Amino acid sequence: MQYHETVSNSEQETIITFNEEDKTADIFTYNKRWQKHLEQRLHLKPIIDNGYEGRSYQIEKKRISLP
C-alpha cells in the first residue's frame, strides 16, 4: 500500500522573506499562480521543491513590486 501525505489548505502558505542587508529575497509558495508567474513571466527556476508541490525561489529585491 502506498502512503501519500497531503498538505492542508491552511498549511499551503506563500512566504516572502528578506532583510535590509541582502540584495535578494526568498519566496516559498504552494500557490500555482505564483509559481507560474515566477517561472514563466520572471523566468525563475525553483531552488527547492519540497515534494509536496511547494517551491522556493530566490529573486533580487529590486524585482519585487511593493504595495
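Q: Where is W34 found?
A: W34 lies in helix α1, residues 32–41. Helices (H or I, at least four residues) and strands (E, at least two) are DSSP runs, numbered from the N terminus.

Q: What kind of model is this?
A: This is a predicted model, in which local features need pLDDT of at least 70, side-chain atom pairs count only at pLDDT 80 or more, and totals for chains, interfaces and linings use all residues. Residues are numbered from 1 along each chain as its sequence is written, and side-chain values use heavy atoms, with hydrogens and water left out.

Q: Back to W34. What is its relative accessible area?
A: The value for W34 is 33%, so W34 is partly exposed. Buried means under 20% relative accessible area, exposed over 50%, and partly exposed in between (1.4 Å probe, protein chains only).

Q: And S56, buried or exposed?
A: S56 counts as buried, because its relative accessibility is 10%. S56 sits in strand β4, residues 55–60.

Q: Which residues does S56 touch?
A: Not counting residues up to four places away in sequence, S56 touches I27, F28, P46, I47 and I48. Contact means heavy atoms within 4.5 Å.

Q: Which residues make up the largest nonpolar core?
A: The largest nonpolar core has 6 residues in all: A25, I27, L38, L44, Y57 and I59. β2 (24–29) and β4 are the elements that give two or more residues to this core. A nonpolar core is a set of buried Ala, Val, Leu, Ile, Met, Phe, Trp, Tyr and Cys residues joined through side-chain atoms within 4.5 Å.

Q: What does L44 contact?
A: Leaving aside neighbours within four places in sequence, L44 is in contact with L38, E39, Y57, Q58, I59 and R63.

Q: Which way do the side chains of β2 point?
A: They alternate along β2.

Q: New topic. In what sense do β2 and β4 pair?
A: β2 and β4 pair in the antiparallel sense over 6 bridges, with D26 opposite Q58 in β4. Two strands pair if DSSP finds at least two bridges between them.

Q: How many bridges join β3 to β4?
A: Strand β3, residues 48–49, is joined to β4 by 2 bridges, and the two run antiparallel. D49 has R55 in β4 as its bridge partner.

Q: What about the turn there, which residue has a positive phi?
A: That is G51, with a phi of about 85°, in the turn of the hairpin that β3 and β4 form with 5 residues between them.
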